[in-house]
Amino acid sequence: MTTAPAAGAGSFLPDDLELTALEDAAGRCRGCALYVDATQTVFGHGARGVPLMLVGEQPGDREDQEGLPFVGPAGRLLQRALDDAGIAPGWTYQTNAVKHFKFRREGKRRVHQKPSRTEVVACKPWLIAEIESVRPQLIVCLGATAAQSLLGSTFRVTAHRGERLRLPSALRFDVDPEPLVTATVHPSAVLRDRSQRRREAYALFVEDLKSARAGVDFPARR
Ligand code: SF4
């Protein structure tokens with residue numbers, strides 16, 4: 001029997017903010033209706049204390065099946081861009097604003113659907129808990145959904161792309177140094193660009209990642 005979804009993920013958060021405890025609890029989340037059709041919760045991946053946190057929109061079809069973020073086509077583009085920007089994946093924590101795959105069926109295909117504002121807000125406690133646990137120096141929002149989850153619904157990536165910003169006061173954590181946040185496009189936007197400007201879009205994306213890298217204290221590459 002399917003349990004009716006609760007109003008947000010907050011009541012599913014454990015007391016223990018260790019990443020393994022968070023991931024385990026998120027696997028049982030019923031904070032919105034997205035868990036009903038998705039295969040599994042796709043929690044973030046990476047280690048506590050890494051300098052960069054990358055936040056996408058939601059898992060895609062591949063991620064939903066494998067249970068890991070950024071393993072589909074857009075994820076592969078992201079990993080290539082990170083490499084071109086000189087960022088070792090091991091120094092990033094990779095996650096999404098929404099932890100379940102939202103889709104509609106077209107025959108056998110499952111077609112991505114953008115999560116609603118309500119769903120993004122419902123899932124936000126997991127993202128906040130991940131930030132508190134990982135304590136990154138810089139959060140890189142990939143696309144509007146991630147950026148608006150942290151910076152408010154009026155935030156426009158096109159207007160503030162690449163700027164290094166403080167989190168809103170309601171989201172400031174009592175950690176030193178305080179995590180800053182920046183925003184760029186989602187790698188799927190580069191992937192979908194079939195125009196002659198796709199190479200330029202990719203180059204700009206890599207430049208944004210290089211800018212994110214600058215000023216962040218990276219340990220020796222591993
Ligand atoms: S999308 Fe987020 S809030 Fe909704 S059920 Fe999944 S983990 Fe919970």
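## Spaces, ligand and core in a predicted model

Ala6 is found in the segment before H1. This is a predicted model, so take that as the setting for everything below. Ala6 is partly exposed because its relative accessible area is 29%, which falls between the 20% limit for buried and the 50% limit for exposed. Along the chain, Ala6 and Cys29 are 23 residues apart, and their C-alpha atoms are separated by 8.8 Å.

Cys29 leads us to the ligand. The shell around the ligand is made up of Cys29, Gly31, Cys32, Tyr35, Val98, Lys99, His100, Ala122, Cys123 and Trp126. By class, that shell has seven nonpolar residues, two polar ones and one charged one.

Where does the ligand sit? It sits in the largest cavity. The count of cavities of 30 Å³ or more comes to one. Cys29, Cys32, His100, Cys123 and Trp126 are the lining residues that lie nearest the centre of the largest cavity. Helix H4 gives the most to this lining, with three residues.

| Space | Volume | Lining residues | Classes in the lining |
|---|---|---|---|
| Largest cavity | about 100 Å³ | 15 residues | nine nonpolar, four polar, two charged |
| Largest pocket | about 800 Å³ | 31 residues | 12 nonpolar, 11 polar, eight charged |

Which residues lie nearest the centre of the largest pocket? Those are Ala74, His112, His186, Ser188 and Arg192. Several elements each put at least two residues into the pocket lining: helix H2 (61-66), helix H3 (73-84), strand E4 (109-112), helix H5 (144-151) and helix H7 (187-192).

Now for the packing inside. The largest nonpolar core holds 61 residues, and Met53, Trp126, Ile139, Cys141, Leu150 and Phe205 are the ones that touch the most other members. The elements giving two or more residues to this core are helix H1 (19-26), strand E1 (52-56), H3, helix H4 (117-134), strand E5 (138-142), H5, strand E7 (180-184) and helix H8 (198-213). H4 supplies the largest share of the core, nine residues.

Trp126 belongs to the ligand's surroundings, lies among the residues nearest the centre of the largest cavity, and is one of the core members with the most contacts to other members.

Technical notes: Residues numbered from 1 in each chain as written. Predicted model: local features only at pLDDT ≥ 70, side-chain atom pairs only at ≥ 80, totals over all residues. Heavy atoms only, no water. 1 Å grid on protein atoms, 1.4 Å probe; cavity = no way out; pocket = protein on both sides within 12 Å on 5 of 7 lines; lining within 4 Å. Points joined across faces, edges and corners; volume = space filled by probe spheres on them. Helix = DSSP H or I, 4+ residues; strand = E, 2+ residues; numbered from the N terminus. Nonpolar A, V, L, I, M, F, W, Y, C, P; charged D, E, K, R; others polar. Near = heavy atom within 4 Å. Sits in = over half its atoms within 2 Å of the grid points. Core = buried A, V, L, I, M, F, W, Y, C linked by side-chain atoms within 4.5 Å. Buried < 20%, exposed > 50% of the residue type's maximum accessible area, 1.4 Å probe, protein only.
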